[in-house]
Every structure is written in structure tokens, then in C-alpha cells.
Amino acid sequence: MMQAFRQETGGLIDRARPVAFSFDGRRLQGYQGDTLASALLANGVRLVGRSFKYHRPRGILSAGPEEPNALVELREGAAREPNTRATVAELFDGLSARSQNRFPSLRHDVLSINGALAPIFAAGFYYKTFMWPAAFWERVYEPLIRRAAGLGRASGLPDPDRYGKQTAFADVLVIGAGPAGLSAALAAAGQGGRVVLAEQDSALGGRLLSDRRSIDGRPALAWLAEAEARLRAAGVRILTRTTITGVFDGGTYAGVERVADHLAAPGTLPRQRLWRVVARRAVLATGAIERPIVFGGNDLPGVMLAGAVRSYVNRFAVRPGARAAVFANNDDGAGTIADLVQAGMEVVALVDPRPQTPPALRAVAASHGVPVFEQSTVRQAVGGTALSSIVLGGKADGVRLSCDLLAMSGGWNPAVHLASHHGGRPVWHDALAAFVPGQMPPGMRAAGAAAGHVSTGGALRTGSEAGGGKESAVPSTGPESDAVTPFWQVVNPTGKAFVDFQNDVTSADVALAAREGFTNVEHLKRYTTLGMATDQGKTSNVTGLAMMAALTGRTIAQTGTTVFRPPYTPVAIGAMGGTHRGARYRPTRRTPAHDWAASQGAPFTEAGEWLRATHFPKVGETMQQSIDREVRTVRQAAGFCDVSTLGKIDVQGPHAGAFLDFVYANTISSLAPGRARYALMLREDGFAFDDGTVARLSDTHFVATTTTGNASRVLQHLDFCRQMLKPDLDVCVEPVTDQWAQFALAGPHARSVLEQLVGAGSDVGGRSLPFMAVAQAAVCGVPARIFRISFSGELAYEIAVGASHGAALARALQSAGAAPYGLEALNVLRLEKGHPVAAELNGQTTAADLGLGRMLSRKKDFIGRALSERAALQDADRPALVGLRPRAGGTLQAGAHLVPAGAPARIEHDHGHVTSAAYSATLGCWIGLGLLAGGQRRIGEVFRAVNPLQKMETEVDIVPPVFHDPAGAALHG
Amino acid sequence: MEEFVYAGDATLSRPGSNAELSAWVDYVYFRDNPAGPHSELWYHAAACRQFLKVERDTRTHVISSAELA
Amino acid sequence: MTRHFSIAALLAQAARGQKGWAPQWRTPAPKAEYDALIVGGGGHGLACAYYLARRYGLTNIAVIEKGLVGSGNVGRNTTIIRSNYLLPGNIPFYETSLKLWEGLEQDINYNAMISQRGVLNLFHSDGQRDAAVRRGNAMLLHGIDAQLLSREEVRARAPFLDFDTARFPIMGGLLQQRGGTVRHDAVAWGYARAADKLGVDILQHCELTGLRIENGAVIGAETSRGFIRARKIGLSVAGNSSRVAAMAGLRLPIESHVLTAFVSEGIKPLIDCVITFGAGHFYISQSDKGGLVFGASVDGYNSYAQRGNLPCMEETCEEAMALMPSIGRLRMLRSWGGVMDMTMDGSPIIDRTPVDGLYLNGGWCIGGFKATPAAGLCLAHLMAKDEPHPVATAYRLDRFATGQLLDETGGGTNMALH
């Protein structure tokens, strides 16, 4: 019979919308408004999982995110989410769920044999064994342990859903929309200002949805509907299905909204959304989480938290059993009994462990015909895969009652977690037998059950106060008793008594931890793993701590308090990091001529965030053939290369020259207008930082380039120098990298190509524009800067035009007879000339190492000068730049190490490494650069470039670090 | 990329170019590194590129003042 | 009272309801004087005490710890061990540590679950590949295992990584198969128990409040539990080195930063090695309990708060998604933060100080855990012999003045680049 355990009427489910779902392949039915847990219970499904260590049968303990047992794999394929709480998962049509951590099935799990081995599997047992034989840990023990570990299975397939992020600013963030939160939000809205109300459930109301209470003499649900309407009318931003999961600095709260998790498919919606709420103040109205009681067999399906029972009965119209007993250390048992009876269930007992049972409670029990067992406990819950009876202890010792549902309540733990995210420790409150918030993050205050006021009236009142309201505005509630007498465990239980359900931590384990000296709560937690399961100890931390205190004769405060950190409940990693997926992980920067290059069939490679063309293949060419051709074209004719990615910085002002003298190691101010110079910048610690070209356009106007990779670091450095070190200099610094497209035009025919593109009347002849000169002229009809500088060593220019003209310039250069060349050829050309790039300018080298020591001016102060003079940076034995020429036509790889020719490849003979290597079409052989101890002094020696990692090795001659045209004749044409 | 980038201790004072090596080593490498109020620089990298001088407690992260450096 | 751990002991105690176990270390009262005092009851401090007793024959030793054993960074790290460094000043040290890890369980009779399942550093560009080749060769020249994996070999090992839509495609990886993970709590407890067994007094809730120095030599420690005489004091207080050094009037080349790390809910085996992402600072592995343990880089500002902020948490998760897009369905369960001694060249300090008898072990940046056995050994050697251990000679405090820096990445004084 479908839904045999559903009540015929009542509840907040929508009976007009039935929903079909499956669990472990079994097809079942529920209603819109159900959670998976309530629907399973309605169908009489009580066994839903197996525990982590002992594989004991487990059922549904709670009705909320604190659930430790009812974890399922939800959905299938790439969308599968392991370890999903059935108590939170909203039912949708076609939902598919599977139980976890069992083989071959839930009912018959072979690993339940672990239970028989329980005596060995006590807490921390693994630290004491698995050590012999030594080799067995990795080969035998660990693989077995890892296979048994974890609960659900990841799909291993890419997450198919989208995620969103949004920021909201608020004057008041109210966290939780139970009576306290609603009251606070109403009060705050009444003050004006922006109010955000966040509620983790799909509907507002908190406990009001689960208990049958009255406010102002009416059913609480009526008050709730009215409160919600008033909040919407006041423009309060209401976020449901949104868990505030972390409190960060500056009033920043992280929340995760389950936008589409309750739908069969998200469609165009993001699956979840991360909210960053920046709020002046916050009200913590997160309620309280009910405590279980520790007794034998308390983990059986059918043993549930009393408040959860009331949720299933009242909100979901389910009968979680037929015959129920109630075991509670507080007066809320009255409401539980009333609700159970009203739902048509038989209540066979109220078991009260307190020294005194209040007369009012006795009266309520009597009125429902429920026997009360005072000063008694439940010593043991009995059953196979479900509860069938309980055995009492204490005054009613030995009494056995048959029942299939036990509603237990050990009191409540205020949900203080967020309050301690900044390290403030919760404070033990003796009267409540609970922790309440201690020092809270700035701007936060607590209200309602979260602050220890568990009654509805207390929640309404303190919520209103926290929201800034007046007490007179608070509605009234009937008489309520929130008295709790601490009762943590039944001493000497029969059978295993569980403290942490998911990690199978028992009262015996807590005792063992005490015996071995792990008596502080942090040690208790780590040694026994209590509180480290996916429920983060919400139903176990405080109980375990109280038990340890009792065992060691200390107060709870002396034993230590648990401090909490984000996330409050587990958060999908996709929600935190899922908005910039795949290609959008980082921005992609394209040069102005990118599309033109793509149209030429150029492949691209990443250079930081930039894409740069590697080469321009002609039909039928291999990549190496393209590169060789491009190199030859530059050396013999003319080629052009897109160098727009280099950083460009515009420096202007009367003191621009003085400023650049301070920033660079060599002198810049001596540049005449219309001239350019290679420049080297050091870090303040004396090591080489970056190099580039500085050109002077006028007395007060310079343009400097940086390497592509260091552009933003250099900019920050210049800003620091200007603002913090030289604030008295009259100079401005602006990045203009993206504003200019820039191309290198190089080769013996470069001038004749350029002459075709400059306007009539512009003279770019050898005398008008000599080597290292710069001119401003029209190129292709648009303003341009022409720098006669050369990275390739050929007669060359760099032409800069406004970025919007970059593509046109590329086409014009090509039409004028220059051939495009890419990054690979660029690298070969510079290697043939021995110019250092990032592989040599790697943050570990000095100017002297790179043969640039003479650039360091002796006449001025500049960044890095003082520390560059330290002995260790001047040491002649430091690895210094040399050229490498393989003998006998060998190849060379960057990363090979340099070992003297006759010596073995061992570290004591390691003298340096190969920094760059490439095949040189110009020389017809492989060449490389390296950093070799003693550098220049070793020229003429023979070394081996050893690369055991790639199983290669080559003999090399140490040569000067320039292979082509050492005198630079080609530059000056 | 974050809007503001940390730029270290704001109390440092760059030695004169003729200062002893030890003064330079101190400036570049050695730090008070207090647990408590800390005067430090932050750089508005994503926008105006101004350096800010911020007083912040390194134990609580509470910022007590911020001004243009 | 059973002290030795073995399967026989486990079975015997199982039969006796676990009643025969005793505290894993004593809680003695502080003596008035010790021959050697170690400040800091984390992994390094406890290991030092153990080796001082075991290998250097000192008997009258105490470790003082302001909180509980193992409550500092040793209890809040991502448990990785490896020796895949670049520089000759670093490699022998970390390899010494790795070899000590390999024999640790037998040595201290505690299962620290040393799992040498491999550390794989991915690279995504020619430049990164060249740097990996340089480093792999440095390792091989030292006689340490290193392998270069092609893209296809990485894919065979870790098919769940993004090979199809990545912004920075994986080109390959450098693998050290002998690297892996360890159960961090077991390291602290194991060393504590082993040291205690050799007579070391472990004094918890004993905070250093001052150092008494006379004529340029240390004579004892002021603590929250009274003054303790000692002529040899070793400081091993990750994250708090500057504060403790200040008690001796010393400044250090250190900034304290927060590093956060995370663990996911436990799942069945998915990742069988440690993987580091080359297009970010992200790294991930899977613990024996099934949780994915992962982290990235420091938040980037001075902090003693032991907690980071939301942008860093988001960034870490973004890198996670870039590396393995299937991780989106899994849930972050816990986050934690530690205080890191970030040095100005990214390498540690194990050295004497200008005060006689006062020794410093600190500056471990974000990589102190793997160094635990060797740092303990080298600090012990330094304290016992008053000279550096042969594998720690580069970790001098004066290297910042001389310029003999140990900069693995070329980041200089930029913390974010280490």
C-alpha cells in the first residue's frame, strides 16, 4: 500500500501534487513539500544507511541539516551528489536516491561483520597497529582501509551545472526565520534601512512549521503568514533555501542558496548561488539543535529526536511509527505526546530521567492515557534493523516495552556556530545546560534559542529587541516551560551507546580517550573522530564534551569548548568556485591583431593571461619547418612579430628622468629626446627584476617597456616608488599596455618595408632614424611611434599604433612584403643573440650573472644598489650566463644540468643548468644558454649537459653567450 | 585578482644610499611582525592604484583606520 | 599497563574492554631546571626532544607548549611529505626527512600512516616544463627519485582532471613517487609518546612569557608555570617565532601569514596521489578517511588570527574546479587556518642566535610539516653540538645579510610567490 504511514489529512505538503521517486531502485510516492526523509518515512522505509565503521543499520535521526545517518547518493551520472542528507533534500518528480556504504545491499551488508570485530576497532586502534611488516602498510593495509573509508562515491565526471555569485549590502542581516528571526526582521524593517533575511529551509517559520503552537491566541501558522506578508511589503530581501555558512571580516557573511536543488533539472538557473552579504549588523537567530541521549542501541532505526518526530507528524503528516515512547529530560515531552496522540499513534510511555517530573507534565500524560516512568531511563533500545522494544533502567529497571518509535530529547544546543567564527569561544550556561554565544564577531548579536531563549515567547521578545524593536510590540504566547535538567548518558548501558552516530564513536571510546590522556576536547575530537563526520558534531560535540568532563571530574568549561569555523554546514565546492569554469577560469587577453593571426592559421600559446601566436604555418610544413623558415626570413629578408603583450608604461613630468634614474640600475636621464636605451631594473634585494627599453619622446615624456610576465608587478613597483619613496618628484606613471598595438619589424629589408608604410615626407633613413632612435610619425595614416631597437639582432624597428589600428597594421606589414613570425622564431632569434628572457631573468640571478654588471651605475642611488653589492652577489663563482654549443650535432634541452666532461652525473659535479635551448636555423645546429658556475672563465671548456629525467645527454662546448653576429654589424645599417 | 593588494609594513624607512649594509638588510628583510596593531600599506591595484596606510590588528583583523599613504 | 603498541596488545586489550591502556604521555610538574628546554610542543619541537634523548644522549629535557600537544600547525596542515626541491641547500635536508619518515613508525612505535603514494606536480607551459626538468634533474643528481610524465601518462593516472576544457591545458607532470602523505595527529602524538618514554617532560599549558639572559647567554625561561632554568633553549614555535624572538630582543626576517586549508566530506577512493596544480597554487590529496584535503596559498596579509577570508576560500575552490571539474558536486566540510612564519626567501632558519644557548628553528613558510623529522633532528644536533647538522648548513639567519639566500622560486621577498 502506497504511503501507508501518511496521515489522511493535515500537514504542509501539497496533496494535490503527488511526486514519484525511487530509493535503491524501489519506486515510491510522496508529495510536493516532502523532503526525501519524510517521503521515505511515509512509505514505511526506515532503514536508510549503514554507519561508517561498524556498518550498523541506520535510520533517520532528525529532520534537518544536523542529520548524521540518512545520507544518500542523490541523482545519477555526472550530477550525482554523494553524502546528501535525506532530511534536507526536497522531493521532486523523478528523484533518484541510493543508500551508501553497503555491499551488496542495505539490508544485507557484508561489512556489518565489522560489528563483531568492534572490540578491536576501538577509537584510535589504527595508531597502535598496521606497522608490521613495514611493507604491508602501503601494499595491504592501507588499500583496504581506503576502500572501506568514505561513505558515498563521487561521479568523477565534470559537474554539469552552473553556479552563480551575488553580493548584497544590508544594514541588518537576520540569520534564521523562526520566531526570533521573523521578530527581528520585523523590528529592523520598522527602523527603515536595508534588511536581508536568510533562512536555510524552503519556507519561513523555523519551529513554527513543526510544532503546534499559538501566538496571540491564534495558530502560529496564521501569525507566520501575516509576518511574511508584512516583511515582503516592507521590501525586506527574503532568501529562502539559503544557509549563512561563514562569518568573515568586515561584516562579510557567506551564504549558499540552493536555487535549483529542489527541481528535477536547473534549466537556465544556476544550481546554487553564493551570496556575499556585507552587513553593518547581524542577528543570529539560528535556533537550537536538539541533543540525543546516549544509551544502548540508540542508533537503531526508529530512535529519533523528539523535535524531528513532531516535524514529521505535524509538518509532513507522517506517522513515523505505530507505537511510540518518549524519553526526555525536559517538559517538551508534553507537546510530543500531544502531537503523537493527535496523529493517531499509540504512546506507550513517557520516560523521565529527572529527579522530579513536574505535575503539569504528569497531568498532560495522564490526559492522554500515557503512563509516566519517573526517575527512569531507557537503558537499551532493542531490534534488528529497526526498533522493536525498549528496556528501561533507573527506578523502572527491567521494564520492557514494545514500541517501534522512540522520541528522545536530551535538551537543546543553541546553534552558536556562526558566533564563534572569529574565534570567540561559546560560554557554558549552567541553567540551560548548554553553550550560548560568548564574544561574537563585530556587529552580531544573538536572539531566540540561539541565545538560549528556547521558548517561543522568549524568541519573539529577544528577536524583537535584537532587531531594534520595542517590547510592547511583541505578541504573546501561552505558558511555556523550557526547563532542562542535564542528562547526557545512561551509565553502564547495555550494548553499544553512540555519541557520534556517523563516525561510530561510542561512550566506551570516550572513556578510552580519557584513559589514554586525550582529555581535552580538541584531543578527544581528533583521537576518537567524534564531531569530525559530515554533520560536524552537531548532535555529538557537546554530549561528548560533557561525558569527558564527567569522566575526568571537571566542569564542562574546564574540559574545553568547541570552537567552530566555516562552513556551518558542508558547502558544494562548485558553489564556492564554480562561476569561472573551463576557459573562463582566468581572463583571456588577446592582442589587437589576434583575429588576423588566427585567420593566418597561427596556433596560440598562453603567455600568462595572453594568447600569443607561436608560428604561422604554411601548407605542408611541420612546426619546426615553420620556425626555421621564419628565422631565415628575418635574417635574410624581413619579418614582423606582434609584441603588443609587452608591458608599456608612460612616464611624464619635469622629474620623469630623475624618477627613472631611481628605478633603473642604469642612467636614463642622460637620454636625449628621440633616443632609446636598453634598461635593467633590480629588486631592492639586489637581484635582477625586469628589463626593457626606455625611450625618451621629449624632455618630460618617456615610454618604458616591461616583459610580458612582469607588467603588473613592475607597475605596482613604480607606483610604490613614486608614492612612497619619491613623493616629492613631479612625475606621473600610467600603464598603456592595452592602448598600443606594437610590432617588431626586423631584417635586412625592414627599412624598405617601413618606407612603404610611413607618410610621404617622413624620413626613416639610416641617418634620420639611427640605431636606438625613436620617432613619432604617421604609419598607414595613423599616428605611430617608431623605435629603432632590435631584439633579433637585425636591422629592426618596433612600430606602435593605437590598439584599434593594430589589425590593419599587421595586414599592411604583410602586404608590404614582411612575413609574420611568432613566438617560437622570436625565441630562436633572441637566443642566437644571447638576450636573456624569463628563463634567465628568473628572480635568482643578478645583473652580473647575466653579463650586465656594467649597467649598474656607480653615480646614483637606485633601487637595489646597496644590496647588490653584497659579497655573495658579487662572487665570481656564481652561476653566470654562457653559451652552449652541442658537439657532434647533438640536441639540447632546457633543464639539463652541466657537469664537467669526464665527471659522473652526481650533485657534487653539478656546475649549473641549461636555461634555454632551441634549434638555430641560422647556424644549422642546436644552441643554448646556461648558467654555469664561474661562467665567463670557463669558455673553451667542455661539459656534459645531462638530463637523466628525459634520458638524454649531450657534450657541449662552453662559448660566449652570443652565436650570431657578435659585433652587431647588422644592427647599424 | 583582488581589488586591494597587501604591501607590507608601513613603518619602514628606506635608508640613505650611504647607509651601512646592516641598515639595508634590516629594511629589506627584517620585520617587527607584531601580534596586535599593525601599520601597513595596501595598494588599490584594480582601480586608482593609490597606496593606503591602514592600521589593522593582526589578531582580530579589525581595521581602525585607513587613509591615503 | 601496556605501553608497547602491537596487534597482540590490541587483541589483548580488546579482550579486557580496553581497560589496560594508560595515558600516552605523562603530565609531570615542571622541574626547576633542565639541561635543554624546547619551546613549542608541535611536530618539530617534540621530534627535537625525541632525537635529543634518543640520539644525542641528553636526559634532562623538557618541552613547553602554551596549549596542547599538537594544537598548532602540526594539527592543521595538509599532511604532505616530499623531497622534490630544487636547490642543493634544500634537497639533502628534505631527503633526510623523507628517509626518517620512511622508518618513523618502527622507530617510535606509532602508526603515522606514512603513505608514499606519489606527489605529482603538473605543468601547463613550456616555461613550467623547463623548470620541472631542471628540478627533476637536480633530484636525480642527488640520487632521489623523479619521473617526468607526459600528458597521456598524467591522464592515465588521474583521468578525472580536466583535459578537455582547461584554460591552461595540462602538458605533463613531475612525479616523485616516494612523496605522499602522513597522518599528522599521529606524528605529534607519536613523537610525544616516544619522547615521554625516554624521560622527556612534556609541559602543556605552559606558555613562554620571557627569556632570562645574562652576559649574552640564556639562563632560563619565564613561563606561565614559573621560571625554569635551562642553558640550552630551542625555539620551535611556528607562526610565533617573531614574538618569541622579541623576548630575546631579536627581530627576524619573517612575516606571519594565514594559510587556510580544507577537507571535503569523505567519499570512496578517487585520488590516489598528491596532485599540485601548475596554473595556480592549488594542491589536493585524499586522506585515508576518504576526505579530499586541499589548499592553495596564503591569504596575503600579516595575520595571527588563524582564519582566512572569503576571497581566498573562493579562489581555492575555483582552482579546484579548474583542475578537476567533478569536484563541484562534493562538499567542503571543514576549513582551518594556521599561522605561518613566512621568511623573506621562502626557506627556513635553523641556527644559533646572537644569544648563547638560544637556538631558533623557524621560518618554515607553508612547508614545515614534511620537514618534521629532519627539523627535529637538526635542531637537536644544533642544540647538542652547538653547530649545524650537515644537511642544514644553508639555513643560517645571517644569509639575509650575506646574500646566500635559498630562493627556490625566484620570488624574492614576495610572499605570494613562495
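With 13 C-beta neighbours inside 10 Å, A:Gln739 counts as partly exposed (buried takes 20 or more other C-beta atoms within 10 Å of a residue's own, exposed 12 or fewer, and partly exposed is in between, with C-beta atoms placed from the backbone). This is a predicted model, in which local features need pLDDT of at least 70 and side-chain atom pairs count only at pLDDT 80 or more, while totals for chains, interfaces and linings use all residues. Residues are numbered from 1 along each chain as its sequence is written, and chains are lettered from A and ligands numbered from 1 in the order in which they are written.

A:Gln739 sits in the loop between strand S39 (732-735) and strand S40 (740-746) of chain A; helices (H or I, at least four residues) and strands (E, at least two) are DSSP runs, numbered from the N terminus. Leaving out neighbours within four places in sequence, A:Gln739 is in contact with A:Gly802 and A:Ala803, a contact being two residues whose C-beta atoms, placed from the backbone, lie within 7 Å. A:Lys648 is 91 residues away from A:Gln739 in sequence, yet the C-alpha to C-alpha separation is 8.9 Å.

Zooming out, chain A carries 22 helices and 50 strands. Its radius of gyration is 38 Å, well over the 30 Å that the globule rule gives for 973 residues, so chain A is more spread out than a compact globule. That radius is taken over C-alpha atoms, and the globule rule is 2.2 Å times the number of residues to the power 0.38. Along the principal axes, the C-alpha atoms of chain A fill a box of roughly 115 × 70 × 55 Å. Of the 973 residues, 59% count as buried. Among contacts in chain A between residues at least 6 apart in sequence, 67% join residues at least 24 apart.

Next come the strands. In chain A, S45-S48-S47-S46-S49-S50 make a closed barrel of six strands with antiparallel pairing, where two strands pair if DSSP finds at least two bridges between them. Neighbouring strands of this sheet are turned by 45 degrees against each other on average, direction ignored. Strands S45 (879-886) and S50 (952-959) of chain A pair in the antiparallel sense over four bridges, and A:Pro886 has A:Val956 in S50(A) as its bridge partner. Helix H20 (823-833) of chain A packs on the sheet, touching S47 (912-920) and S48 (925-933) of chain A, and its direction makes about 120 degrees with that of S47(A). Chain C contributes as well: its helix H4 (126-141) packs on the sheet, touching S46 (897-900), S47 and S49 (942-947) of chain A, with its direction at about 40 degrees to that of S46(A). For these angles, axes are lines fitted to C-alpha atoms, for helices over the stretch in contact, and values run from 0 to 180 degrees between N-to-C directions.

A:Thr605 stands opposite A:Arg612 in S33(A). Two residues lie between the strands of this hairpin, and A:Gly608 takes a positive phi near 65 degrees.

The contact between chains A and C takes 93 residues from chain A and 82 residues from chain C. Elements of chain A that each supply at least two residues to this side include H2 (136-148), H9 (507-515) and H10 (521-528). The largest share, five residues, comes from H2(A). By class, the chain A side has 41 nonpolar, 28 polar and 24 charged residues; Ala, Val, Leu, Ile, Met, Phe, Trp, Tyr, Cys and Pro count as nonpolar, Asp, Glu, Lys and Arg as charged, and the others, Gly among them, as polar. Strand pairing also crosses between these chains, with S31(A) and S18 (331-343) of chain C antiparallel over two bridges. Here A:Val571 stands opposite C:Met332 in S18(C).

For the contact with chain B, 14 residues come from chain A and 15 residues from chain B. On the chain A side, H17(A) gives the most, with six residues. The residues of that side divide into six nonpolar, two polar and six charged.

Within chain C, the assignment, automatic or from a database, gives domain 1 (28-110 + 184-252 + 345-417) and domain 2 (119-178 + 255-343). Their C-alpha centres lie 27 Å apart, and 31 residues of domain 1 are in contact with 30 residues of domain 2.
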